[in-house]
Amino acid sequence: MNILANITVDKAITHFVPRNIDNTQPIMDERLTELDEIAKRTLIQRMTAVLGGGSDGIEMQIIANDETSIAAEVCKTMNDYENVDTFITSSKHFARSLHTAQNHRYIKDGVLLCFQGRTGETQVKYVAVIKAEPHDGFTKIDNKVSLIQDIFLSPSQKLYKIGFWVDQSTTEIVTPNDLKLYIYDHNMNSKGDNITRFFAESFLQCKPLETSAELTKQFFRITSDFIEKNQRFSTEEKYEKINALKVYLKEDQCQSISVEHFASRYFEIAEIKDEYTSLMRERAFPETSIVKETSKIKKELTVKKYKFSSGVKIQSPVSTTEKLIDILSYDEEDRTTTVKIKGRLES
């Protein structure tokens, strides 16, 4: 993430945010936390390590942008950048929002570090928050650099979460739609799985970005399920259409996919086409074309599987050049299926 190049830390403040149980309340600091150059450099190094290129930091999709959202509060302090009071007020809003989100006993008390600066080649504005989980019994906010060093920047301190908003606007006024949000959570893996829900959804009001790979995976899963459960299709038709779906995603030369294109191409009956497009709309799948990216479903696209009621299973490579398996007929009387397989038996 090159956006962290040339990053500066211009303002910082800390608040203690306990779990939202037993009528607890955040303990707010009223003054900025003064960081010396060593502390700033250490903070930047830690940020770059977890949000920089090749790290576990991931871009997220902001799901709330109304005037009461945390994104709107981020914009307030960006738009009034030089005003220290605005920054402190916004940081208190962040602390209260985190406190509201921490409404389960399994969540640990923590210290919230809020800071602001500029970053990237064009020195755009950013706002960042770090929640760290200090040792048991920590209850006091201290306006000393040692707090930052001990709680956030110690080499042994790994239990923390980060939210990092960057201004991507082309005008002087920043709106929630102009923000890009990146997060790091010590619970998540390199794919962004296992993000702590209270931190991402409830506090930062975001969700994993729907990438082309994720959307392609959704397209495959929803469409496959629709075909397999549709009683209008015979068993043979289901196999044919599932295979057509795999070919459409794996070997078709088109670099994009769309619900309308697939439905028009493979669902000849108007009622089935309408059922399918309605289902995809209900699942909030994009109605426009998306870039085809099959990295998350490579295994499913490699083979075509056949499963019979007797427990027998057959699998074959997905192929567009020739029909390797042909389901010829099913005899109701003796409950047998006649299958024609290209090639001779080898084992």
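The model is predicted, so local features need pLDDT of at least 70 and side-chain atom pairs count only at pLDDT 80 or more, while totals for chains, interfaces and linings use all residues. Numbering starts from 1 along each chain as its sequence is written, and side-chain values use heavy atoms, with hydrogens and water left out. Helices (H or I, at least four residues) and strands (E, at least two) are DSSP runs, numbered from the N terminus.

**The seven-stranded sheet**
- Seven strands make an open sheet in the order β1-β3-β4-β5-β6-β2-β7, with antiparallel pairing (two strands pair if DSSP finds at least two bridges between them).
- The edges belong to β1 and β7 (206–208); each has a single partner strand, so one side of each is left without a neighbour in the sheet.
- On average, neighbouring strands here are turned by 25° against each other, direction ignored (axes are lines fitted to C-alpha atoms, for helices over the stretch in contact, and angles run from 0 to 180 degrees between N-to-C directions).
- Nine bridges link β3 (residues 110–119) and β4 (residues 124–132) in the antiparallel sense, and L112 has K131 in β4 as its bridge partner.
- Packed on this sheet is helix α3 (residues 84–101), which touches β1, β3 and β4 (contact means heavy atoms within 4.5 Å); its direction makes about 30° with that of β1.

**The β12–β13 hairpin**
- Strands β12 (residues 325–331) and β13 (residues 336–341) run antiparallel and are joined by six bridges.
- I327 sits opposite V339 in β13.
- Four residues lie between the two strands of this hairpin, and R335 in the turn has a positive phi of about 55°.

- Most residues other than glycine have a negative phi.
- D22 is exposed at 59% relative accessible area, and N23 is exposed at 78% (buried means under 20%, exposed over 50%, partly exposed in between, with a 1.4 Å probe and protein chains only).

**Helix α2 and the cysteines**
- Helix α2 (residues 70–79) has eight of its 10 residues buried, so it is largely enclosed by the rest of the structure.
- Among those buried residues are I70, E73, C75 and M78.
- C75 counts as buried at 3% relative accessibility, and C114 does at 0%.
- The disulfide count is zero, with a disulfide being a pair of cysteine sulfur atoms within 2.5 Å.
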